[in-house]
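Dear colleague,

Please find below the structure for your records. I would be grateful if you could read the notes that follow it.

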Amino acid sequence: MATRKKPESAASEQGSDRREQLLAIAAHLIATRGYSATTVRDIADEAGILSGSLYHHFSSKEAILEEILRSFQGGLRQRSEEIAAAGGGPRHVFDELVRTAFVTIEKQPDAVGIYQNEAAFLANIPGFEFVAEEGARIESIWLSVIQEGQREGVFRADLDSAITYRFIRDAVWSTVRWFRPGGRHSAESAGRHFLELIHSGLLQD
């Protein structure tokens with residue numbers, strides 16, 4: 001009896017699933033060990049395949065890293081643009097951007113970790129110019145919201161908007177180093193705690 005071939009769509013879906021699995025494995029290794037210390041063989045070994053088989057899906061280790069970061073940054077920028085476009089006032093938009101950041105850390109800790117660890121290194125690598133470009137687009141969304149809030153009297157106008165953003169950015173995204181989903185705090189509770197600190201401060205009245 002002749003073997004029935006799998007439908008093309010099923011084979012394509014299977015290949016897509018395998019590709020996503022390989023990206024997840026690579027992201028975890030790179031986030032844990034660092035990009036320079038992670039080899040194609042490391043990724044293949046972890047996936048249980050030969051190194052040559054990995055090249056059926058990706059042309060190089062650089063291509064793997066590029067796909068991880070493009071997907072992460074592009075998705076974050078799109079969500080941030082949607083939040084800003086939905087409006088609701090600068091405080092509401094700001095709060096939603098913060099909540100989205102914590103949810104992203106919870107759902108994509110490896111991609112966030114890679115960005116935190118490797119962005120400065122990649123700034124001078126040809127082909128990775130998009131990392132700084134996407135970062136600048138996301139920053140512009142936050143700055144617009146902060147500056148709008150300052151103009152409307154919602155946020156303090158005497159604070160420098162750029163340094164305010166950088167303080168907030170680094171405070172939020174660096175939590176990927178210690179925040180563990182399933183622990184004492186969820187993304188929702190961590191975000192709520194952070195916003196309470198921003199809105200009301202640390203000092204008692």
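The notes below cover the overall fold and the salt bridges.

This is a predicted model, in which local features need pLDDT of at least 70, side-chain atom pairs count only at pLDDT 80 or more, and totals for chains, interfaces and linings use all residues. Residues are numbered from 1 along each chain as its sequence is written, and side-chain values use heavy atoms, with hydrogens and water left out.

The protein chain contains 9 helices and 0 strands (DSSP runs of H or I with at least four residues, and of E with at least two, numbered from the N terminus). Its C-alpha trace spans about 80 × 35 × 35 Å along the principal axes. An unreviewed UniProt entry lists residues 16-76 as "domain: HTH tetR-type"; the annotation may be inferred rather than shown by experiment.

The whole structure holds 12 salt bridges (a side-chain nitrogen of Lys or Arg within 4 Å of a carboxyl oxygen of Asp or Glu). In one of them, Glu139 pairs with Arg166, with the closest N and O atoms 3.6 Å apart. This pair links distant parts of the chain, since Glu139 lies in helix α7 (residues 129-151) and Arg166 in helix α8 (residues 161-173), 27 residues apart. Glu139 is buried at 17% relative accessible area, whereas Arg166 is partly exposed at 38% (buried is under 20%, exposed over 50%, partly exposed in between, with a 1.4 Å probe and protein chains only).

Within helix α5 (residues 90-107), Glu96 and Arg99 are 3 residues apart, and their salt bridge has its closest N and O atoms at 2.6 Å.

Yours sincerely
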